[in-house]
Amino acid sequence: SEDCSLHLHLDATDEETHGNLVSHEKSPGVILSAGNTGRKLGLEDEAVDLYLSRDAGASWRKIKSGRWLYGFSDHGALIVVAAHDN
């Protein structure tokens, strides 16, 4: 709807944090990112969830609630998600 959009939390650094958009060259089209839904970007811990796209960002699905550390392993064949301690 007009009042609800996905806002991805993008980080412009090379550090692996909860704000990076993450993909792997061996898993084309698969992207992980932290974000929130709503009218605006929400940076509070309770507003941030983990999202997955399997079609290069055309559509997104929430896969975990809350802040998480995430990435790929096994040459892109495995998605790894771990608790993010504040």
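**View 1. Leu52 and the residues around it in this predicted model.** Setting aside neighbours within four places in sequence, Leu52 is in contact (heavy atoms within 4.5 Å) with Val30, Ile31, Leu32, Ser59, Trp60, Arg61, Ile63 and Ile79. Residues are counted from 1 along each chain as its sequence is written, and side-chain values use heavy atoms, without hydrogens and water. As the model is predicted, local features need pLDDT of at least 70 and side-chain atom pairs pLDDT 80 or more, while totals for chains, interfaces and linings use all residues.

**View 2. The largest nonpolar core, with Leu52 among its members.** A nonpolar core is a set of buried (under 20% relative accessible area, 1.4 Å probe, protein chains only) Ala, Val, Leu, Ile, Met, Phe, Trp, Tyr and Cys residues joined through side-chain atoms within 4.5 Å. Here you can find nine: Val22, Val30, Leu32, Ala34, Val48, Leu50, Leu52, Tyr70 and Phe72. Strand 3, strand 4 (49-53) and strand 6 (68-73) each give two or more residues to this core; strands are DSSP runs of E, at least two residues, numbered from the N terminus.

**View 3. The salt bridge between Asp49 and Lys62.** Their side chains meet at 3.8 Å, N to O; the rule asks for a side-chain nitrogen of Lys or Arg within 4 Å of a carboxyl oxygen of Asp or Glu. Asp49 lies in strand 4 and Lys62 in strand 5 (residues 61-65), so the pair ties together parts 13 residues apart in sequence. Asp49 is buried at 13% relative accessible area, whereas Lys62, at 43%, is partly exposed (between 20% and 50%).

Methods
Helix = DSSP H or I, 4+ residues; strand = E, 2+ residues; numbered from the N terminus.
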